[in-house]
Amino acid sequence: MSKGHRTQIKQERNKNNRETRPHAHLRHVRCSDIKARVVLQEIIGKDVTEAQALLSYNPRYAASLIKKLLDSAIANAENNMGLNVEDLFVEEGVANKGNAYYSRWRLRPKARGSANRIEVKISHISIVLNEKANKKAKRRS
């Protein structure tokens with residue numbers, strides 16, 4: 001009647017939903033998601049080596065964070081999945097808004113003598129890599 005423990009059932013169900021592409025996530029970054037998206041849009045669709053070069057010379061703060069994240073995704077592809085680094089490119093880059101927290105002591109003055117705490121933006125950034133399709137292998141002789 002029963003198919004196993006609920007954790008076993010969940011594991012079987014989630015096997016099909018696992019990400020097969022190399023990826024890396026960076027959570028709770030103290031950087032606005034809008035500012036991170038500007039940097040991510042520059043590297044989407046580029047080769048991994050070209051994306052690293054672009055990020056290393058980008059003056060924005062988010063570029064240094066995303067460069068470390070890209071290096072982590074490359075290491076995941078190389079070590080965990082056995083992929084060749086020269087065949088990789090950045091397929092997706094996502095920066096989502098996280099839970100903002102309020103600075104404990106800093107206040108912004110408001111009308112009629114009141115004050116609000118200053119909100120600090122938090123974001124979650126993720127990068128997904130993929131292999132380039134080998135054009136020579138797909139051609140028919």
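This is a predicted model: local features need pLDDT of at least 70, side-chain atom pairs count only at pLDDT 80 or more; totals for chains, interfaces and linings use all residues.
Which residues of α4 are buried? They are Ala62, Ala63, Leu65, Ile66, Leu69, Leu70, Ala73, Ile74 and Ala77. Their cover includes strands β1, β2 and β5 and helices α2 and α3.

Now the sheet. Strands of a sheet pair through backbone hydrogen bonds, either parallel or antiparallel. Here 3 strands form an open sheet, ordered β1-β5-β2, with antiparallel pairing. β1 and β2 each have a single partner strand, so one side of each is left without a neighbour in the sheet. On average, neighbouring strands are turned by 15° against each other, direction ignored.

The strands and helices named here have these residue ranges:

| Element | Residues |
|---|---|
| Strand β1 | 23-29 |
| Strand β2 | 88-97 |
| Strand β5 | 123-131 |
| Helix α2 | 33-43 |
| Helix α3 | 48-56 |

β1 and β5 are joined by 5 bridges. Leu26 stands opposite Ile125 in β5. Helix α2 lies across β2 and β5, and runs at about 170° to β2.

Is Ser126 buried or exposed? Its relative accessibility is 16%, and buried means under 20%, so Ser126 counts as buried. Leaving out residues up to four places away in sequence, Ser126 touches Ala24, His25, Leu69, Glu92, Gly93 and Val94. Among them, Leu69 is one of the buried residues of α4.

Terms used:
Residues are numbered from 1 along each chain as its sequence is written. Side-chain values use heavy atoms; hydrogens and water are left out. Two strands pair if DSSP finds at least two bridges between them. Helices (H or I, at least four residues) and strands (E, at least two) are DSSP runs, numbered from the N terminus. Axes are lines fitted to C-alpha atoms, for helices over the stretch in contact, and angles run from 0 to 180 degrees between N-to-C directions. Contact means heavy atoms within 4.5 Å. Buried means under 20% relative accessible area, exposed over 50%, partly exposed in between (1.4 Å probe, protein chains only).
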